[in-house]
Amino acid sequence: MSDNSDCLSVTCQASPNIALIKYWGKRNEELILPDNDSLSITLDLGELHSDTTVSTSSSMTCDTFYFDGIQQTKLSKRMQKVLDEVRRRAKNDQIKFVEIRSHNTFPASSGLASSASAYASLAIALTKLFNLENPQSTAAYLARIGSGSAVRSVYGGFVRWSSEGECLSSCIYPVEHWPELRLIILIFNSSKKPVSSTDAMQRTRETSTLFQARLSTVNDKIEKLIQAIKIKDFNTFAKIVMMDSSQFHAVCMDTYPPVIYLNEQSKHLIDLVHAFNKTDENETMKVAYTFDAGPNPFCFIREEHADEFLSLLKHFYPSNNDNDNVHKQVSNIDGNFSSI
Ligand code: DP6
């Protein structure tokens, strides 16, 4: 924390998370209370993170927000809601306004949702700046009312977001628990999604009959997935992660009008992964895909199979022809990615 005259300032960082069991549906829009529990991996702080600096001083006359150094004309409703909640909780009622300066170290085209890391870093920074009580659960609460999935980026490693009680998140295992795990991200399309997650999940709730069926399966999948992570059972891990991804996209398709996030390349990658998994003589799984609200796959793989799979990806998606727009990045979940 820096203190210049009466200006207080705090900078915090948070990383994106990738949902293994998806959050989809809110039973309370205002507080962002989810319909189902979800489970994710937060990338360890590496080169990919959001940095947020929050400052306050008695001379400020309004809240301001700078993104990448550029002042935004106004704060979003959700950001305003987060600040109002902070003021409500802050003991020092002399503190009226806040300046927010936010920056992502990863490009929008990296396929990673930046809202989760952005709101998590904002929430942690505000909690510190105003010295709020119960800092971890307060930061999780503030992140959640900014963007639901951000609640999981407040913690590192494997994180569960509960849909019950206070609907906060907790770390199940730290990222070091499974050091052989690697993540490969393929960018098939980096343009803005056709329907935002917020709008699409509301539409799903209103129109999809498969949605309730999905909800009844989620807790069982989460318990099995946690057990698989505990004993590093990649076979079970891969099957559950891929099935949940497909079920989520089936529910999107069952929404009216349908929400279609996958594209032809996504479907090709799905077939490729299943074909690749079949090549193992013991039929052990080598790679698992998951897709969020977009066409870009996140592939989890153990280190021992990574080179073989990367060669296959280079063959099918060479970077010097028609597939020039397909970018491939690999990481050991430490947030340090290299393009391949
Ligand atoms: C498909 O957290 O972006 O990525 O709460 O409305 O801000 P809001 O939605 P958001 O939804 C993320 C949906 C998802 C699945 C997940 O991350 O669990």
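Colleague: Let's start with R160. Which residue is its bridge partner in β12?

Modeller: The partner of R160 is S170. Keep in mind that this is a predicted model. As for the general idea, strands of a sheet pair through backbone hydrogen bonds, either parallel or antiparallel. Here, strand β11, residues 157-161, pairs with β12 in the antiparallel sense, over four bridges.

Colleague: And what is the strand order in the open sheet of four strands?

Modeller: Read it as β3-β6-β11-β12, with antiparallel pairing. At the edges you'll find β3 (17-21) and β12 (169-173); each has a single partner strand, so one side of each is left without a neighbour in the sheet. From one strand to the next, the twist averages 35 degrees.

Colleague: Now the helices. How do α1 and α3 pack?

Modeller: Two packed helices are described by the angle between their axes and the distance between the axes. In this case, α1 (residues 77-89) and α3 (residues 135-146) make an angle of about 150 degrees, and their axes are 8 Å apart. Angles over 145 degrees count as roughly antiparallel, so that is how α1 and α3 lie to each other. Their crossing is right-handed.

Colleague: Which residues of α1 and α3 meet?

Modeller: From α1, look for R78, M79, K81, V82, E85, V86 and R89; from α3, T138, L142, I145 and G146. By class, that contact has five nonpolar, two polar and four charged residues.

Colleague: Last one: how many residues surround the ligand?

Modeller: There are 14, and the closest are A19, S147, G148, S149 and T198. Sorted by class, the shell has five nonpolar, seven polar and two charged residues.

Conventions:
Residues are numbered from 1 along each chain as its sequence is written. This is a predicted model: local features need pLDDT of at least 70, side-chain atom pairs count only at pLDDT 80 or more; totals for chains, interfaces and linings use all residues. A residue is near a molecule or strand if its C-beta atom, placed from the backbone, lies within 6 Å of it. Ala, Val, Leu, Ile, Met, Phe, Trp, Tyr, Cys and Pro count as nonpolar, Asp, Glu, Lys and Arg as charged, and the others, Gly among them, as polar. Axes are lines fitted to C-alpha atoms, for helices over the stretch in contact, and angles run from 0 to 180 degrees between N-to-C directions. Helices (H or I, at least four residues) and strands (E, at least two) are DSSP runs, numbered from the N terminus. Angles under 35 degrees count as roughly parallel, over 145 as roughly antiparallel, 65 to 115 as roughly perpendicular and the rest as oblique. A crossing is left-handed if the near helix is turned anticlockwise from the far one by less than a right angle, and right-handed if clockwise. Two residues are in contact if their C-beta atoms, placed from the backbone, lie within 7 Å. Two strands pair if DSSP finds at least two bridges between them.
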